[in-house]
Amino acid sequence: MAKGFDISKFASSLGPSAPAERDIAAITAEILQLKQDASAILAIGDRLNEAKALLSHGEWLPWLTEQVEFSESTAQRFMRLAREWRNPSALTDLGATKALTLLALPAEEREQFLSEHNVIDMTSRELERAIRERDEARQGLEAAQAEAKTAEESRAKMAADMAALAAIHRSAQEGEAQAR
């Protein structure tokens, strides 16, 4: 049976002269307070990243479930948003689900996508469809560009072949003229 998480061993036991370090109890308290605010996803994610780095191997999941009452998947989503999403106002408007969906886009293209689409009024499925259509359009464009390049290379080869054939033909005509 898994041993429960004992937060007391992480409580600050440093004397007054020691430097003030953030301990797991302080991080836990901040996360619990931030959970009350739906717009605090990035702050929660930052603290979850901090806590995971602070905890020893095997302590993360018990702490996560017993102290801050998050599933591992929820924590992973918040942590990913904190690492990769840096627009808190857009995140507040979008919500975590849509923001996570937008992480499928390269970071440098997210703002442009947001300005071109009314993401706030989209459902999550509509957003996923818009991203999929964008990706399919991009793939179609890349395929068309590859086809155009291949066609241009073929045209250039045909032009070179025609020039070579014309040279052979001229040479044959000159040889025939000399033979007469």
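Colleague: Is Arg155 buried, partly exposed or exposed, and what is its relative accessibility?

Modeller: A word on the basis first: this is a predicted model, in which local features need pLDDT of at least 70, side-chain atom pairs count only at pLDDT 80 or more, and totals for chains, interfaces and linings use all residues. Residues are numbered from 1 along each chain as its sequence is written, and side-chain values use heavy atoms, with hydrogens and water left out. In general, buried means under 20% relative accessible area, exposed over 50%, and partly exposed in between (1.4 Å probe, protein chains only). Arg155 counts as partly exposed, at 46% relative accessibility.

Colleague: With which residue does Arg155 form a salt bridge?

Modeller: A salt bridge is a side-chain nitrogen of Lys or Arg within 4 Å of a carboxyl oxygen of Asp or Glu. Here the partner of Arg155 is Glu152, and the closest N and O atoms are 2.8 Å apart. Glu152 is partly exposed at 41% relative accessibility. Helices (H or I, at least four residues) and strands (E, at least two) are DSSP runs, numbered from the N terminus. Glu152 and Arg155 are three residues apart in helix 8, so about one helical turn separates them. Elsewhere, salt bridges with shared partners join Arg22, Glu30, Arg47 and Glu50 into one network.

Colleague: How many salt bridges does a search of the whole structure find?

Modeller: The search finds nine. Among them, Glu84 and Arg80 meet through their side chains at 3.2 Å, N to O. Because these two residues are four residues apart in helix 4 (residues 72-84), about one helical turn lies between them. Glu84 is partly exposed at 33% relative accessibility, and Arg80 is partly exposed with a relative accessible area of 32%.

Colleague: Which residues form a nonpolar patch on the surface?

Modeller: Patches are made of residues with over 30% relative accessible area and no salt bridge; like charges are joined within 9 Å, and nonpolar side chains (Val, Leu, Ile, Met, Phe, Trp, Tyr) within 5 Å. Accessible areas come from the Shrake-Rupley method with a 1.4 Å probe, and for residues only the protein chains shown count as cover. In this model the nonpolar patch consists of Met162, Leu165 and Ile168, with about 340 Å² of accessible area together. Met162 lies in helix 8 (residues 124-179) and counts as exposed at 55% relative accessibility.
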